[in-house]
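Please look through the sequence and the 3D structure below before reading on. The notes that follow go from the whole chain to one of its parts.

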Amino acid sequence: MAQALRLAERGLYTTQPNPRVGCVIAHGEEVVGQGWHERAGQPHAEVFALREAGPRALGATAYVTLEPCAHHGRTPPCADALLAAGIGRVVIAAEDPFPQVAGRGIEKLRMAGVAVEAGLLRDAARELNLGFFSRIERGRPWVRVKLAMSLDGRTALANGESKWITGEAARADVQHWRARSSAILSGSGTVLADNPRLTVRLDETPFTPPWRVILDRQLRTPAGSHVLDGQVPTLVLHADTAGQPDHRFERVECMAIPSADSSLDLHAVLRLLAERGCSEVHVEAGPTLCGALLATGLADELLLYIAPLLLGDAARPLLHLPALTEMASRWSLHTVDQRQLGGDWRLQLRPA
């Protein structure tokens with residue numbers, strides 16, 4: 001199963017909106033076939049593994065990181081393919097919560113006399129597809145907020161200059177997190193200040209380009225902004241009171257979202273993205289939007305890059321958060337991973 005998970009990870013950047021899945025077929029210790037889901041619309045992991053195993057699949061055990069599908073989507077049911085090949089036993093890491101599967105794959109296999117076990121390395125399988133499980137089970141994507149700061153917790157000088165706080169290794173690392181995401185989310189304030197491209201720059205790694213999603217309540221994004229160039233699918237979300245988008249937005253899609261208290265409804269934003277198949281949302285924005293996501297409990301994870309430098313107390317803060325009156329109300333985080341990237345550090349943090 002560990003090998004099946006390593007195979008599944010090869011689809012980290014390419015399977016959107018589908019989950020990353022791997023499959024190993026073995027007789028005892030002898031592996032006779034293996035495969036992974038490479039891209040949405042193409043065969044699933046089980047099909048590739050069965051093709052490699054050929055007739056040796058008869059009576060073998062299939063180790064699959066996610067419950068085999070039992071419905072006709074863009075590809076035929078994998079449960080049927082396993083039965084047709086004569087697989088004798090199926091070991092599943094995690095059950096599939098997708099309504100059209102949700103136990104039906106396991107039931108179909110068992111009804112045909114195949115021994116099925118579930119739960120082996122379940123946590124690891126869910127971690128690999130945390131966005132998929134979030135979208136199906138919670139109705140919203142997994143939200144990952146990327147931040148870069150100095151040792152004194154500052155993100156830019158008082159005049160807004162922020163290039164570059166971190167070094168090349170840290171900035172290259174960010175590209176991989178962007179590539180695995182369904183969408184890159186930012187706000188109009190960041191667009192006005194930095195004119196970012198919000199695209200993935202990986203020369204030799206295949207990936208499915210993530211959507212760009214810009215929260216622009218009053219349609220302030222100026223003409224000539226990189227995010228309006230139409231190079232990748234882009235969605236601009238604005239308040240329903242902002243009027244109709246003009247010629248600036250002719251290369252992108254615009255949509256009105258409910259707003260309250262001078263800000264867009266972030267819950268509505270995430271529901272919309274989930275409905276469009278977004279599983280992981282990568283946020284690169286200013287302290288107001290990032291702080292709002294954390295304060296409302298919508299930030300599932302922080303990617304915090306820390307550079308060994310100081311910017312002083314006049315520089316811009318990391319997050320805008322409500323003032324606290326007691327320590328018991330503080331936002332507690334736990335560390336999932338920490339590593340050095342060049343001269344900088346990256347902390348992967350989740351709310352405790």
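**Briefing on the chain**

In this predicted model, the chain is built with 10 helices and 18 strands. Its radius of gyration is 23 Å, which is close to the 20 Å that the globule rule gives for 352 residues, so the chain is as compact as a globular protein of that length.

**Overall dimensions and packing**

- Taken along the principal axes, the box that the C-alpha atoms of the chain fill is roughly 70 × 45 × 45 Å.
- Of the 352 residues in the chain, 50% are buried, where buried means that the relative accessible area is under 20%.

**Surface and charge**

- The chain has an accessible surface of about 16400 Å², and carbon and sulfur atoms account for 51% of that surface.

**A look at helix 2**

- Helix 2 spans residues 45–53, and its buried residues are Ala45, Glu46, Phe48, Ala49, Leu50 and Ala53.
- An α-helix has 3.6 residues a turn, so residues three or four places apart point the same way.
- The cover over the buried residues of helix 2 includes strand 1 (22–27), strand 2 (30–36) and strand 3 (61–66), together with helix 3 (78–84).
- Gly54 follows helix 2, and the phi of Gly54 is positive, near 60°.

Methods: Residues numbered from 1 in each chain as written. Predicted model: local features only at pLDDT ≥ 70, side-chain atom pairs only at ≥ 80, totals over all residues. Heavy atoms only, no water. Helix = DSSP H or I, 4+ residues; strand = E, 2+ residues; numbered from the N terminus. Rg over C-alpha atoms; globule rule 2.2 N^0.38 Å. Buried < 20%, exposed > 50% of the residue type's maximum accessible area, 1.4 Å probe, protein only. Areas by Shrake-Rupley, 256 points an atom, 1.4 Å probe, with all protein chains shown as cover. Contact = heavy atoms within 4.5 Å.
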